[in-house]
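Visitor: I am new to this structure. Could you take me through some of its residues?
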Amino acid sequence: MAKQCPRCGYINPDNANYCLNCGYPLPPPIQPTPLPPPAPYNPPQDRITRAFNIFTKNLSIIVPSIILLIVEIILAVILGAITFFAFLASPFASLALAIVLAIINGIIDAILFGITVHTTMYMAQDSVNNLPLNMSNSFSNARSTLSQLYTIIGILILFGILAALSRSVIIAWFILGLVGIILYIVSASVVLNKPMSVTSAIDWYGKSLSKDAGSALVLLLGALFSLIPIINIFAIPYTSILTYLMVKEIS
């Protein structure tokens with residue numbers, strides 16, 4: 001690029017340091033400012049991946065599920081022992097007793113499951129917001145708002161009794177899983193201070209299928225796996241986190 005002398009106006013070659021006409025010192029060539037390298041593109045994560053990443057960073061969220069599993073094992077051992085000794089005393093009476101105990105077990109399991117999911121949902125909220133997890137505080141919050149889940153817990157109890165009396169374990173498990181989806185949704189809505197009724201939760205899930213079918217399907221699988229001992233240790237907290245994200249972000 002040619003240099004024009006600021007004193008006499010003579011056009012000099014671009015490599016001249018002094019004006020060839022009048023000897024006036026010429027300014028050095030302006031060096032172009034290099035452009036900064038482009039920032040790496042980080043595509044937004046889908047909710048399924050985000051929920052998994054949050055879960056792996058907050059593994060203490062599994063504690064309520066572990067407690068649930070321990071209580072279920074103790075309960076099963078106690079009820080099994082009662083049934084066994086009743087059978088030794090009277091095989092015919094033990095059949096009726098087994099039915100009664102199965103109903104009791106279904107009721108207790110439904111209540112414990114509802115409390116565990118609701119407690120875990122409060123811990124999921126803290127996990128999403130990068131807050132330290134405190135199961136005691138989460139349980140206190142869950143207990144204070146549990147009344148808003150009475151309807152769905154009542155439905156769980158009803159289907160828990162029917163499942164205990166059902167001849168088809170697979171069908172009973174699937175139906176309870178469907179009810180579990182609504183439990184997760186209602187629980188998340190309560191935690192987010194925008195509570196839904198059971199019918200509203202069903203409508204919301206239908207809408208979520210069109211807006212984020214992948215997450216909605218994983219929510220279904222999570223609700224089903226939440227009913228399987230040992231697997232539920234991981235299924236309940238992950239499903240709670242995913243549901244919290246979905247209810248928070250999908251209107």
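Visitor: Is N193 buried or exposed?
Guide: N193 counts as exposed, at 70% relative accessibility. Exposed means over 50% relative accessible area, buried under 20%, and partly exposed in between, with a 1.4 Å probe and protein chains only. This is a predicted model, in which local features need pLDDT of at least 70, side-chain atom pairs count only at pLDDT 80 or more, and totals for chains, interfaces and linings use all residues. Residues are numbered from 1 along each chain as its sequence is written, and side-chain values use heavy atoms, with hydrogens and water left out.

Visitor: Where is N193, and what is its phi?
Guide: N193 sits in the loop between α6 (169-191) and α7 (198-211). Its phi is positive, about 60°, although N193 is not a glycine. Helices (H or I, at least four residues) and strands (E, at least two) are DSSP runs, numbered from the N terminus.

Visitor: And what about I230, buried or exposed?
Guide: I230 is exposed, with a relative accessible area of 56%. It lies in the loop between α8 (213-225) and α9, and its phi, near 75°, is a positive value in a residue other than glycine.

Visitor: Changing topic, which residues does S138 touch?
Guide: Leaving aside neighbours within four places in sequence, S138 is in contact (heavy atoms within 4.5 Å) with T119, Y122, M123 and D126. S138 belongs to helix α4 (residues 135-145) and is buried, with a relative accessible area of 1%.

Visitor: What is the mean pLDDT of the chain?
Guide: The mean is 87, and 93% of residues reach 70 or more; pLDDT is the predictor's confidence in each residue, from 0 to 100.
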